[in-house]
Structures are given as structure tokens and as C-alpha cells.
Amino acid sequence: MLPRLLEFERAMRSAGIPVSVSESIDALKALEHIPLESKDSVRSALATTMVKSQSHRPTFDLLFDLYLGAGRGSVTSITDEVEDPEAAGQDLMDELVDTLATGDDAALAALARRAVSALGRVRSSPTGDWFSQYQVLQGMELNIALGRALRRTGVEGDAPLEDRLRREEFEARLERFREMVLMETRRRVAETRGAEAVARYAVRPRPEDLDFLSATSNEIKELRRAIRPLARKLASRVAMKRRRSNRGGLDMRRTVRRSLSTGGVPFDTAFRHRAPHRPELFVLCDISGSVSRFARFALMLVHALSAQFTKVRSFAFIDTLDEVTRLFEHEDFVTAVDRMNSEANVTWLDGHSDYGTSIEKFLKNHGKDLGPRSTVLILGDARNNYRATKDHALQEIARRARHVYWLNPEPVADWDTGDSAASEYAVHVDKMVEIRNLRGLEDFIAYEL
Amino acid sequence: MKPSHRFSGAEEVTRRLAETGYLAGIGIATVVHIADRLQKPLLVEGPAGVGKTELAKAIASTLGIELIRLQCYEGVDETKTLYEWNYKKQLLRIQAQGDESWDAIEEDIFSEPFLLERPVLKALRSTEPVVLLIDEVDKLDIEAEALLLEVLSDWQVSIPEMGTVVAKQPPFVVLTSNNDRELSEALKRRCLYLYMDYPDAEREKAIVLKRVPEITETLAEQVVRLVRSIRELDLKKSPSISETLDWSRTLLALNIDTLDDDTVRQTLPVLLKFQTDLERAAGHLRLNAKDN
Ligand SMILES: Nc1ncnc2c1ncn2[C@@H]1O[C@H](COP(=O)(O)OP(=O)(O)O)[C@@H](O)[C@H]1O
Ligand SMILES: [Mg+2]
């Protein structure tokens with residue numbers, strides 16, 4: 001077991017899960033106290049000693065199955081070609097329909113294993129086998145499984161509420177079945193081609209490490225799920241920072257010590273330090289095309305933090321600019337950002353970003369509100385469609401505000417290429433920073449604001 | 001029996017926790033068993049109301065030992081976690097000085113009778129085994145967290161005026177976190193980690209039956225299925241086990257023995273506290289749609 005465990009640990013480290021030496025020693029110690037023949041116990045023991053953040057758990061589980069999953073090696077590699085794939089698919093489908101109704105996870109997993117055995121092999125070559133999730137799901141005609149299962153259990157006289165719940169539960173179980181099939185195909189490929197080969201393509205970044213600009217729409221869904229907990233964490237991180245620098249109050253220990261020289265009269269009191277103020281924040285975001293995703297997440301995070309600022313005012317722009325602060329006044333920040341796209345008047349001409357016009361309009365209409373307590377945050381890629389940059393407007397904004405920061409979701413290497421006017425704007429602001437993912441965004445907000 | 005071999009295995013943990021009324025799945029039980037054997041602090045992280053605090057209480061209860069609890073909140077520092085000097089008493093003592101030297105007084109007022117022991121120090125100095133619950137550790141400042149870390153690493157505390165206090169035996173430490181803040185890597189490395197999520201349907205139903213014994217099995221099942229459906233939504237505050245239990249009790253009190261659109265609509269506010277969440281859930285369950 002030990003060599004495989006070390007291999008597994010190496011894989012975790014290269015997938016970005018930090019496992020320290022002391023943690024890997026803890027893992028070995030933990031294994032002494034649990035039944036090693038139980039895969040679930042081993043999984044729990046390794047997870048509790050080596051994985052200290054739930055966001056790493058999916059990667060841990062994937063690697064665990066690849067490296068330490070049951071029956072690795074020849075055990076399950078029984079020759080499993082079936083005579084008649086179509087009939088086999090039908091049988092499996094029938095069983096699946098029964099299993100969906102019971103909600104038995106173990107049965108579902110067993111079925112997934114058999115389905116991959118029977119239907120999943122794509123081709124065999126001297127270098128190993130490939131298995132395909134798609135081929136399994138096709139072979140079982142999974143798309144009609146839900147309807148069949150629902151009809152099968154549709155007891156006469158059931159409350160409609162009951163029906164709705166059941167549909168949802170069946171859908172969730174089907175989704176789980178799909179994942180189990182996917183995992184099993186990977187495990188089977190790993191058997192012959194090695195776990196490392198599979199890990200290389202199957203390990204996925206955590207939502208907070210996903211690149212805003214290249215994320216797929218499924219990944220965007222993951223990001224959305226991550227945003228609320230992240231916002232909450234960020235809020236308490238910033239609040240804590242503020243409190244720390246604000247803490248005043250009497251230091252009793254030092255006061256008593258000083259009172260020794262005055263016969264116990266706390267004459268000379270000692271205080272802790274206190275300090276600064278809450279800024280007011282102006283957020284300008286480009287909500288066109290692909291940068292809009294970035295702007296949306298940034299806006300959500302900023303608004304989750306609104307209690308930490310005297311005031312947060314938000315402005316959206318494409319080729320012209322509109323204040324959207326009102327949307328955030330009565331709504332939850334996620335809902336507000338969703339509504340922003342339909343309700344803000346941000347296109348005047350052609351719907352291509354015009355930073356110059358938008359920044360100029362901000363200065364003209366709201367410049368009088370800027371002062372030494374204002375921080376301005378501009379979110380966008382500075383791709384100006386070769387229009388006039390009107391950077392003098394930005395220069396004036398920077399003169400009036402205390403700080404101006406520009407968050408750019410593009411890699412620095414792409415700045416100033418094509419229609420990017422990054423440098424022209426960058427010279428006028430405190431800082432233009434590259435922000436590629438949620439983690440970068442979070443760190444910026446926590447450190448700089 | 002070694003002090004840290006208090007359970008024969010995960011099955012025994014499950015059984016004994018269940019005797020106290022706490023139903024743990026095999027995953028939770030395995031981790032508790034390992035924490036006991038390795039004598040390492042256990043960090044339990046997860047949403048509010050999934051049974052983190054209750055787990056520590058149940059462990060203390062089944063072991064028949066004292067639970068010492070440090071409830072963390074904003075601004076807690078070492079004077080609340082470790083110890084504080086009793087300043088009033090010190091000032092009185094200083095004022096009552098006769099012709100003693102200042103040095104003698106200073107030594108005196110920083111000694112045991114003037115010491116106010118706080119939960120962590122109390123747990124370290126206890127001669128009996130104890131469970132130390134450090135509840136909602138994510139509410140602590142970074143500094144207070146760092147201080148705790150020192151204690152958890154060495155099982156000792158140094159009090160400048162008195163010297164070092166070393167634990168007679170490491171307490172069974174449970175830390176909980178609602179994940180409001182990322183805890184330091186150093187603290188996490190020290191601890192075993194357990195992410196506690198909402199239980200699966202079967203266990204949640206068992207919890208309802210255990211905690212609200214008058215409820216019928218059918219209703220308990222309906223309640224749990226509905227709550228699980230609502231948890232899938234993107235809500236400000238997802239209903240936790242506590243809310244499942246509250247809802248079950250409400251339904252019982254109202255003599256409702258089966259759930260339909262009307263009964264759910266009337267009682268949903270027990271489950272969800274925010275208006276936007278209520279609307280979202282009603283929409284999702286299509287409570288406002290005509291039955292068909
Ligand atoms: N596993 C469990 N078995 C029995 N009751 C539980 C369990 N988990 C939670 N509960 C119930 O849920 C309530 C909330 O749990 P609590 O420990 O306070 O949550 P947390 O500390 O995670 O916020 C408890 O009072 C208890 O009644
Ligand atoms: Mg609690």
C-alpha cells in the first residue's frame with residue numbers, strides 16, 4: 001500500500017493540494033486504527049489528515065479513486081465483451097429504472113461499474129484501453145430513463161407535490177449515475193494506462209482558480225455557486241482587518257502595572273491604538289461581451305462588502321454609462337447583478353465598448369461627488385475598439401479621488417495588443433492589476449480596499 | 001485502557017453517540033475515532049445548524065467527561081481564551097499595602113489567587129480528562145487564532161508572570177467553524193479536518209424521528225424530502241437541521257399529518273426566514289401554480 005500511497009500524495013501535490021510532511025505522517029498513523037479493507041474508512045482517514053479545505057475535496061476524491069480505488073489492477077479487468085450490446089443496454093436500463101426508485105447509492109454505483117464493463121470500451125490497443133461515458137449513456141438510452149422511472153412509480157392518487165419532489169430526486173440520482181459512470185470510465189482507463197495519465201486531463205481547477213475569460217458556461221455555474229460563501233468570507237476578512245486597526249479601549253494590564261507607582265490608583269491609563277476611516281467606493285464596470293462575467297463577479301463581491309464602506313455606487317457601461325446603484329438597494333446582490341443587464345441603459349450606439357465616452361460621462365455627471373475619501377474602481381479589459389481613449393478624463397478623476405484602481409481580467413502579456421489601451425489608462429491610475437480569477441479578485445479587495 | 005483509546009472503532013462511536021441522541025454517519029464516526037486515537041484536535045467545518053456543536057457535546061456526554069466551551073466572537077482575545085488578571089482585586093491589594101516593598105507586592109498580585117482562569121487554560125490545567133470545545137473559531141481575529149495555535153501545538157501556555165503551564169493530559173479538542181473566514185494553514189495542519197454537510201435523506205429522517213418522536217414516519221419522510229429540495233436552491237440562508245426539526249414540531253402542533261401545497265405554503269416561514277428565499281422556494285416548488 002505504501003508505494004501507492006506515496007504516488008497518490010505526489011499526485012495531490014501536483015494537483016495543488018498542499019500536503020505537508022507532518023500531515024502525511026498523520027495519515028499513516030490514522031491508517032493504523034481503521035480497517036484497511038474498507039475503502040470508505042481509508043478514504044475518511046486520508047481525507048481527515050490530508051485535506052483541510054472542502055474545496056479540495058472533489059480533486060481528492062477523483063485522485064483517490066484513480067490511485068487507490070478498489071480493484072485496481074487485474075481484478076475487475078475481466079474480459080467483459082458482451083455478445084449483444086443492444087440487449088445488454090436494455091437490461092441495464094431496466095435495472096436502472098428500478099434502482100432510481102429505491103435511491104440506493106451502493107446499488108447505483110454497482111450498476112455503473114457493470115454498465116461501463118458491458119458498454120464502455122471504445123477500443124483496445126497495445127498501450128491500453130479507452131472507455132467512454134458517452135457510449136455507455138447512449139447504449140443505455142439514458143435520455144428516456146427519467147420518463148420511464150416516473151411512469152413506473154406514478155402511484156394513482158399521489159399528491160402533485162409528491163410528483164414534483166420525485167421528479168427532482170430522480171433527476172438528481174440520474175445525474176449521480178452519470179458521474180459514477182464517468183468516474184468508472186476514468187478508473188478503467190487508469191487501470192491500463194496509469195492513474196497519472198488520467199489525472200493529467202481529469203483534474204479540474206477549483207472554482208476560485210478558474211479563469212474568468214476562458215471559463216465554460218458550466219464552469220460559470222460553478223463560479224456562481226462559489227460566490228456566496230466567498231463573499232461571506234471576504235466580508236468577515238475585511239471587517240476583521242478594519243476592526244483590528246480600529247481597536248481602541250483601555251489596556252488594563254498595562255494600567256495596573258503603571259498604578260504600582262501611584263499606590264494602586266489607576267492614574268496613568270494605557271490605551272490601545274486606534275485608526276482610520278471607511279472609504280466611499282465608486283465602481284465602474286464594462287459589462288460587454290466576455291469581460292461582463294468578470295465585472296459581474298467583481299460587482300457581487302464589492303456589494304457583499306457594502307457594509308465596510310460609507311457608500312458604494314455602481315456604474316455599468318458599454319458605449320455609454322449608467323448608474324445602477326439603485327438595483328442594489330433593495331435586492332440581494334446576486335439578483336441585482338442579474339437584473340443589471342436588462343435594466344441598465346448602457347448602449348447608445350453600437351454595443352461595442354467605449355471606455356473614453358463612458359469615463360468622460362462619469363466625470364461629467366458624477367465628478368463633483370469625488371473627493372479625498374473616494375476610491376474609484378474600474379473593471380474591464382481596456383479594449384476600446386480603437387476609439388478615442390479620452391484619458392484626460394481619467395486623469396482628472398484620479399486627481400479628485402483618493403485612489404483609482406483598474407482591474408483588468410486579461411493576462412498582462414495581452415495588454416496593449418490589438419485595440420487594448422491598457423497602458424494609456426494605466427499611467428493615470430494608482431495601479432492597474434491583472435485579475436484572472438475569483439481568488440485574485442478576493443485578494444485584491446481584501447488587501448487594497 | 002489508554003486514555004486515548006476510548007472507542008474500539010467507528011461502529012462503537014456511532015452506537016455510543018446514538019445513545020446520547022446524536023446520529024452520526026460512518027464518515028463522522030471514523031474521524032472521531034481517529035481523533036481520539038491520534039490525540040489531535042478536530043476541526044469541524046460546515047454550514048450553520050448541521051450538528052457541529054452538538055457533536056462535541058455528544059462526545060463529552062458519551063465519555064462521561066466535562067465539556068469546557070469557549071464560545072468565540074468578534075474581539076475575543078487571550079483575556080477571554082486563556083486567562084486574565086483580576087484587576088479589581090489587584091488594585092485593592094496594592095492600595096492595602098503596608099510597608100512591603102513594591103517588588104514583593106508585584107510578585108504577589110501576579111500569582112494564583114489573582115488569576116482568572118478562562119476555558120483554554122482551564123482545560124489544560126484540568127486533572128480529569130475533558131472535552132474542550134472551541135466553538136466558531138472563524139470568529140476569532142488572526143492574533144487570537146495564532147495564540148490558540150501555540151496552545152494546540154504544545155499543550156502548554158506560558159504566563160509571563162507565573163511561568164509555563166503544561167497540560168496533565170491533552171484534552172479532546174473540537175473546533176468548529178461556519179467557514180466565515182479561511183483559517184490559517186498552520187492551524188489546519190495541526191488539526192484533523194471534518195467537513196460536515198447536511199446529512200443524507202435517510203440520516204436526516206432518523207434525526208427527525210429521534211428528536212421529534214411523536215411524528216409519523218411518513219410525515220418525517222415528506223418533511224426531509226421537501227427540505228432537501230429547497231436546499232438545492234441558491235438561498236441567502238439554507239434551512240438547516242434545526243429548521244427541519246422546528247418545522248416538524250410546528251406541523252405536529254398544527255395537527256398536520258400530510259404535506260400538500262396549502263400546508264407547505266402556510267408553514268414555510270418556519271423553514272425560511274428571508275422573504276426573497278420564501279418567494280424563491282415557493283416558485284421552485286410551484287406552490288402558487290394550480291394543482292393538476
Ligand atoms: N447528528 C445529529 N443527531 C441529532 N441531532 C442533531 C444532529 N445534528 C444536528 N442535530 C440537531 O440540530 C441542532 C443544531 O445543531 P448544532 O450542533 O447547534 O449546529 P452547528 O453547531 O453546526 O451550527 C442541534 O441542536 C440538534 O438538535
Ligand atoms: Mg454551533
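Seven salt bridges turn up across the interface of chain A and chain B, a salt bridge being a side-chain nitrogen of Lys or Arg within 4 Å of a carboxyl oxygen of Asp or Glu. This is a predicted model, where local features need pLDDT of at least 70, side-chain atom pairs count only at pLDDT 80 or more, and totals for chains, interfaces and linings use all residues. Residues are numbered from 1 along each chain as its sequence is written, chains are lettered from A and ligands numbered from 1 in the order written, and side-chain values use heavy atoms, with hydrogens and water left out.

**View 1. Where chain A meets chain B.** Chain A brings 46 residues to the contact and chain B brings 60; contact here means heavy atoms within 4.5 Å. Together the two chains bury about 4800 Å², buried area being the accessible area (1.4 Å probe) that two parts lose on being put together, summed over both. Carbon and sulfur atoms account for 54% of that area.

**View 2. Polar links between the chains.** Zoom in on A:Arg164 and B:Asp261, a salt bridge whose closest N and O atoms are 3.4 Å apart. Between chain A and chain B there are also 19 residue pairs in polar contact, both residues at pLDDT 80 or more. For the record, a polar contact is a pair of N or O atoms within 3.5 Å; within protein, one must be able to donate a hydrogen and the other to accept it, and residues adjacent in sequence count only if both atoms are side-chain atoms. On chain A, the elements giving two or more residues to this side include helix 2 (21-31), helix 9 (160-193) and helix 11 (217-246); helices are DSSP runs (H or I, at least four residues), numbered from the N terminus. Helix 9 of chain A gives the most, with eight residues. Sorted by class, the chain A side has 15 nonpolar, 13 polar and 18 charged residues. Ala, Val, Leu, Ile, Met, Phe, Trp, Tyr, Cys and Pro count as nonpolar, Asp, Glu, Lys and Arg as charged, and the others, Gly among them, as polar.

**View 3. Domains 1 and 2 of chain A.** Chain A splits into domain 1 (2-67), domain 2 (75-204) and domain 3 (222-245 + 278-448), with bounds from an automatic or database domain assignment. The C-alpha centres of domains 1 and 2 of chain A sit 27 Å from each other. Seven residues of domain 1 touch 11 residues of domain 2. About 710 Å² is buried between these two domains of chain A, 78% of it from carbon and sulfur atoms. On the domain 1 side, A:Leu62, A:Asp65 and A:Leu66 lose the most area, together 65% of what that side buries.

**View 4. Domains 1 and 2 of chain B.** In chain B, domain 1 covers 10-74 + 120-195 and domain 2 covers 83-117. Their C-alpha centres are 33 Å apart, and each domain puts seven residues into the contact. The buried area comes to about 730 Å², with 62% from carbon and sulfur atoms. B:Arg125, B:Glu161 and B:Met162 lose the most area on the domain 1 side, together 59% of what it buries. Two salt bridges are found across this interface. B:Arg125 also pairs with B:Glu117 in a salt bridge, the closest N and O atoms being 2.9 Å apart.
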